[in-house]
Amino acid sequence: MTLPDTRPTPDVRTGDAGIPTSLPARVGVLGGGRMGAGIAHAFLLAGARVHVVERDDQAAAAARDRVATALERSAARGRDLPDADTLSVGSDPAGFAGAGLIVEAVPEDRALKIDALTRIEAAVDAGAVVASNTSSISIDALAASLRRPERFLGLHFFNPVPASALVEVVTGAATTPEVVRAATDWVEAIGKSAVVVRDAPGFASSRLGVALGLEAIRMLEEGVASAHDIDTAMELGYRHPMGPLRTTDVVGLDVRLGIAEELERAFGARFAPPALLRKLVAEGHLGRKTGRGFYEWSA
């Protein structure tokens with residue numbers, strides 16, 4: 001469902017191609033899990049109306065609860081909250097009609113993302129910008145299935161979205177400069193910083209972050225040091241705010257495994273996932289979201 005917009009029409013600046021460079025009044029998010037809910041939360045706090053689409057009504061209701069919980073935490077930190085009717089949820093991508101930006105935030109699987117993006121494009125206006133939250137899959141590979149690749153790009157948010165300051169703006173070969181400029185402005189409008197990178201396996205952040213994380217897992221596997229000591233070495237020695245193993249737990253071991261497999265296909269054995277990572281994922285120990293990864297996590 002899509003709620004009527006009763007707010008005054010905002011003052012919107014447009015770029016050379018008619019793309020609004022101020023925050024779109026309406027934003028869509030396909031996928032309401034941890035990442036999708038975080039993305040919705042960020043745009044809601046910035047003043048946009050947000051419509052979240054999930055696979056069915058039960059999943060959509062769960063997505064609403066995730067966003068509401070994130071907003072309650074923001075309120076506890078003194079943030080002003082949007083009106084309750086600025087968030088809507090549903091299970092039909094037709095609810096994205098009228099949105100200026102739609103962000104796909106389904107799991108890191110190429111076929112799943114292509115299906116999601118084609119469903120989004122079929123439902124939205126020709127002037128809408130469509131973005132993928134992929135952390136490693138080629139933007140050009142995803143764009144190949146779209147009718148309007150020039151209005152498509154990557155917006156790689158980081159987990160957890162509310163606490164993260166960075167968004168990677170990933171440009172495909174067909175992405176127009178106007179879309180890139182608008183997306184960069186939108187990232188700044190939600191209070192985050194943008195880095196622009198061209199489409200390459202793992203982009204900038206995932207390629208470097210996964211390389212460090214995989215080596216830390218190999219060190220743990222070889223008994224070089226404990227998880228705590230490996231992380232502490234990076235936190236105190238290199239001033240990383242969080243060590244690579246704890247970061248992997250927060251991101252999700254399954255997510256890191258998927259990215260590593262994608263990078264292994266592109267770059268070869270240097271990104272081959274360690275046996276320990278595969279073992280933990282196979283056992284269902286995915287990190288913070290399951291209560292156990294390289295660390296034990298309380299509920």
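**Note on local features of the model**

1. Arg-239 sits in the loop between helix 7 (227-237) and helix 8 (244-251). Helices (H or I, at least four residues) and strands (E, at least two) are DSSP runs, numbered from the N terminus. Phi of Arg-239 is positive, near 60 degrees, and the residue is not a glycine. Arg-239 is exposed, at 76% relative accessible area. Here buried means under 20% relative accessible area, exposed over 50%, and partly exposed in between (1.4 Å probe, protein chains only).

2. On the basis of the note: this is a predicted model, with local features needing pLDDT of at least 70 and side-chain atom pairs counting only at pLDDT 80 or more, while totals for chains, interfaces and linings use all residues. Residues are numbered from 1 along each chain as its sequence is written, and side-chain values use heavy atoms, leaving out hydrogens and water.

3. Phe-203 also deserves a look. Its phi is positive, about 55 degrees, although Phe-203 is not a glycine. Phe-203 lies in the loop between strand 8 (193-198) and helix 6 (205-221). Phe-203 is buried, with 6% relative accessible area. As background, most residues other than glycine have a negative phi, and most peptide bonds are trans.

4. Which peptide bond is cis, with omega near 0 degrees? The bond from Asn-159 to Pro-160 is. Pro-160 is placed in the loop between strand 6 and strand 7 (166-171).

5. Two aromatic pairs are present in the structure. Rings of Phe, Tyr and Trp (its six-membered ring) pair if their centres lie within 6.5 Å; planes under 30 degrees apart count as stacked, over 60 as edge-to-face and the rest as tilted. Phe-43 belongs to helix 1 (residues 34-45) and Phe-157 to strand 6 (residues 152-157), so the contact ties together parts 114 residues apart in sequence. Both Phe-43 and Phe-157 are buried.

6. How accessible are the partners? Phe-267 is partly exposed, at 24% relative accessibility, whereas Phe-271 is buried, at 4%.

7. Turn now to the salt bridges. A salt bridge is a side-chain nitrogen of Lys or Arg within 4 Å of a carboxyl oxygen of Asp or Glu. That rule gives 12 salt bridges. One of them joins Asp-254 and Lys-289, with the closest N and O atoms 2.9 Å apart. Asp-254 lies in helix 9 (residues 253-267) and Lys-289 in the segment after helix 10 (275-282), so the bridge ties together parts that are 35 residues apart in sequence. Asp-254 is partly exposed, at 29% relative accessible area. Lys-289 is partly exposed too, at 43%.

8. Is Lys-113 buried or exposed? Lys-113 is buried, at 1% relative accessible area. Its side chain meets that of Glu-108 in a salt bridge (3.8 Å, N to O). Glu-108 is partly exposed, at 24% relative accessibility.

9. Glu-296 and Arg-292 form a salt bridge, their closest N and O atoms 3.9 Å apart. Glu-296 is exposed, at 63% relative accessible area, and Arg-292 is partly exposed, at 34%. Elsewhere, salt bridges with shared partners link Glu-104, Glu-108 and Lys-113 into one network.

10. A patch of positive charge on the surface brings together Arg-34, Arg-66, Arg-73, Arg-77 and Arg-79. Patches are made of residues with over 30% relative accessible area and no salt bridge: like charges are joined within 9 Å, nonpolar side chains (Val, Leu, Ile, Met, Phe, Trp, Tyr) within 5 Å. One of these arginines, Arg-77, lies in the loop between helix 2 (57-76) and strand 3 (87-90). Arg-77 is exposed, at 59% relative accessible area.

11. Val-89 is part of strand 3. Val-89 is buried, with 10% relative accessible area. How far is Val-89 from Ala-61 in space, C-alpha to C-alpha? The distance is 7.2 Å, for residues 28 apart in sequence.

Methods: Areas by Shrake-Rupley, 256 points an atom, 1.4 Å probe, with all protein chains shown as cover. Lys, Arg positive; Asp, Glu negative; His and termini not counted. Charge placed at Lys NZ, Arg CZ, Asp CG, Glu CD.
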